[in-house]
Amino acid sequence: MKRSVIDILDLTPAELEELLATALDIIDNPEKYAHACAGKKLATLFFEPSTRTRLSFEAAMHELGGAVLSVTDAASSSASKGESVSDTAKVVSCYADIIAMRHPKEGAALVAARAASIPVINAGDGGHCHPTQTLADLLTIRRQKGAFSGLTIGLCGDLKFGRTVHSLINAMARYENNRFVLISPDELKLPSYVKKDVLAERGIPYEQTTSLEDAMPQLDVLYMTRVQKERFFNEEDYLRLKDSYILDMAKLKNAKDDLCIMHPLPRVNEIAVEVDDDPRACYFKQVLNGKYMRMALILKLLKEAAQ
Ligand code: CP
């Protein structure tokens with residue numbers, strides 16, 4: 001049966017375990033999966049810029065033996081002539097077996113999923129969510145920390161517009177004994193609907209601070225984020241806030257030895273290049289983990305669609 005993934009909560013914790021197990025098996029036995037999607041086509045419909053997500057979806061499908069059709073920007077598609085997301089999804093359903101879609105508008109992937117006759121994966125919809133980035137994040141946390149429970153997770157930077165942050169909080173809030181430290185300027189605080197509906201509703205402890213240095217000693221995971229220039233209404237505010245946090249070796253002085261430093265990338269200035277050589281830097285591992293999790297998700301949704 002056709003099924004789409006729009007939000008990380010569309011996947012149960014048991015299904016996340018299944019995807020993690022598949023991804024780990026792909027890492028150990030890539031040859032077993034080399035023809036798993038032979039004869040199948042993935043359409044990547046990206047109406048907003050991307051390097052990692054689009055290329056990792058495409059690499060994932062190639063490594064599964066499938067083919068790829070691609071729209072790389074809105075200007076080169078009939079969206080620029082006014083075609084609706086629904087019509088685009090119906091049309092692409094005639095050519096492909098599965099869609100990965102990025103769009104600047106919140107809810108666009110859901111609209112596409114309702115219109116399409118094939119599975120749709122949300123590859124980022126505005127400031128809303130980015131479930132496959134969360135899959136990459138979860139595999140990274142599992143491989144680095146061994147568990148999803150009992151962690152103090154610091155989220156730093158643009159917590160207002162950062163869709164990866166919203167998806168990760170939703171995912172990690174389902175596990176026991178996690179705490180969140182929300183580090184941001186006042187203007188970029190986590191939206192109150194996430195604080196209220198996800199954290200407060202479940203009694204999950206969290207604190208808000210503007211100081212990365214004060215938060216550092218307690219953190220098991222530090223998730224840095226870019227200030228989302230494309231979601232700002234005026235340039236002046238962006239310029240004032242863009243360099244609010246720059247993680248460098250001096251700021252890591254009081255960090256735990258086994259801190260897991262993450263960033264969904266792209267980075268602008270949020271992490272100094274000198275941090276890249278620190279064994280705690282996990283953001284390029286995160287990129288690779290994203291490809292394996294997208295392979296696992298494509299396999300799962302195509303298998304379910306065939307049943
Ligand atoms: N992390 C992420 O979504 O990167 P891209 O915008 O390059 O796809």
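Modeller: By class, the residues lining the largest pocket are four nonpolar, ten polar and seven charged. The model is a predicted one, and the pocket in question has a volume of about 400 Å³. Its lining is made up of 21 residues, and those closest to the pocket centre are Arg102, Arg163, Arg226, Leu265 and Pro266. Two elements give two or more residues each to this lining: helix H2 (52-63) and helix H6 (163-172).

The pocket is best placed by way of the domains. The assignment for the protein chain gives domain 1 (8-129 + 287-306) and domain 2 (131-285). Each of these two domains supplies at least three residues to the lining of the largest pocket. Taken over C-alpha atoms, the centres of domain 1 and domain 2 are 25 Å apart. Their contact involves 35 residues from domain 1 and 27 residues from domain 2. Between the two domains an area of about 2,600 Å² is buried, and carbon and sulfur atoms give 59% of that area.

Charged pairs come next. Side chains of opposite charge can pair when their charged atoms come close. Across the interface of domain 1 and domain 2 there are two salt bridges. Arg163, one of the residues closest to the centre of the largest pocket, forms a salt bridge with Glu48, with 3.2 Å between the closest N and O atoms.

For the model as a whole, the count of salt bridges is 19. Among them is the pair Lys145 and Asp258, whose closest N and O atoms are 3.5 Å apart. Lys145 belongs to helix H5 (residues 131-145), while Asp258 is in the loop between helix H9 (235-241) and strand E9 (260-262), so this pair ties together parts that lie 113 residues apart in sequence.

Gly157, Thr225, Val227, Leu241, Lys242, Ser244, Tyr245 and Glu270 form its lining. By class, that cavity lining has three nonpolar, three polar and two charged residues.

To return to the part you asked about: the largest pocket is lined by residues from both domain 1 and domain 2, with Arg102, Arg163 and Arg226 among the residues closest to its centre.

How values were computed: Residues are numbered from 1 along each chain as its sequence is written. This is a predicted model: local features need pLDDT of at least 70, side-chain atom pairs count only at pLDDT 80 or more; totals for chains, interfaces and linings use all residues. Side-chain values use heavy atoms; hydrogens and water are left out. On a 1 Å grid over the protein atoms alone, a cavity is a set of points where a 1.4 Å probe fits but cannot get out, and a pocket is an open set with protein on both sides within 12 Å along at least five of seven lines; lining residues have an atom within 4 Å of a point. Grid points are joined across faces, edges and corners, and a volume is the space filled by probe spheres set on the points. Helices (H or I, at least four residues) and strands (E, at least two) are DSSP runs, numbered from the N terminus. Ala, Val, Leu, Ile, Met, Phe, Trp, Tyr, Cys and Pro count as nonpolar, Asp, Glu, Lys and Arg as charged, and the others, Gly among them, as polar. Domain bounds come from an automatic or database domain assignment. Contact means heavy atoms within 4.5 Å. Buried area is the accessible area (1.4 Å probe) that two parts lose on being put together, summed over both. A salt bridge is a side-chain nitrogen of Lys or Arg within 4 Å of a carboxyl oxygen of Asp or Glu.
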